[in-house]
Amino acid sequence: MEKQEKTRYRLAEAVKECMKTTSVDRITVKDIVEGAGVARQTFYRNFLDKYDLINWYFDKLVLACFEEIGVSHTVEESLTQKLKFIREEKAFFMGAFRSDDQNSLREHDFELILGFYQDLILKRTKKAPGEDIRFLLEMYCQGSVYMTVKWILGGMEEEPEQIARKLVEAMPAKLEEVFEEMGLM
């Protein structure tokens, strides 16, 4: 792992440690750099703010499982993997999803998933999703993020497989047809 990547992971570990005792909104960059044992400049060479750090770490944890959709995993299998990652990093995600700031993980998760699905549809069908499908995709992604956050903040009582199944079953029929045609279901 290169030096910059190691530094980023140190900063992520520091913010995770802070989240055990402090809400994300109250954590400062000073708290993070002190926990990581690095200079403030180092933080800003790597991230714009604490939310950028949190979003980067989220991407590292969950993007790999989504990249397998349509390759070796269905949507449900990838959602299950994502939820398992979230459960393994419970303290981090509970803290990160409690924040509802402008650059929050909730918004980042929505944008990431929406963009991923739109790109996947474009790659598979060679055309951008139409207005109807875009609307359904946005609604589905918003609902999925909302229910994932509700699961996390509710203590993650249900198994990841159960939540993933429910999320897939809640997919609008027209969107499900598109996903089935692309071999994602």
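Here is a short tour of this structure, stop by stop. The model is predicted, so local features need pLDDT of at least 70 and side-chain atom pairs count only at pLDDT 80 or more, while totals for chains, interfaces and linings use all residues. Residues are numbered from 1 along each chain as its sequence is written, and side-chain values use heavy atoms, with hydrogens and water left out.

**Stop one: the core.** Select L53, F93 and F179: of the 60 residues in the largest nonpolar core, these touch the most other members. (Such a core is a set of buried Ala, Val, Leu, Ile, Met, Phe, Trp, Tyr and Cys residues joined through side-chain atoms within 4.5 Å; buried means under 20% relative accessible area, with a 1.4 Å probe and protein chains only.) Now colour helix α8, residues 131-153, which supplies nine residues, the largest share of this core. Helices here are DSSP runs (H or I, at least four residues), numbered from the N terminus.

**Stop two: F179.** Zoom in on F179 and, skipping neighbours within four places in sequence, you'll find it in contact with V75, Y117, I121, L137, M171, L184 and M185. Contact means heavy atoms within 4.5 Å.

**Stop three: D109.** Move to helix α7 (residues 105-125), where D109 lies. Is D109 buried or exposed? At 1% relative accessibility, D109 counts as buried. Again leaving aside neighbours within four places in sequence, D109 is in contact with F58, K82, F97 and V145.

Technical notes
Buried means under 20% relative accessible area, exposed over 50%, partly exposed in between (1.4 Å probe, protein chains only). Helices (H or I, at least four residues) and strands (E, at least two) are DSSP runs, numbered from the N terminus.
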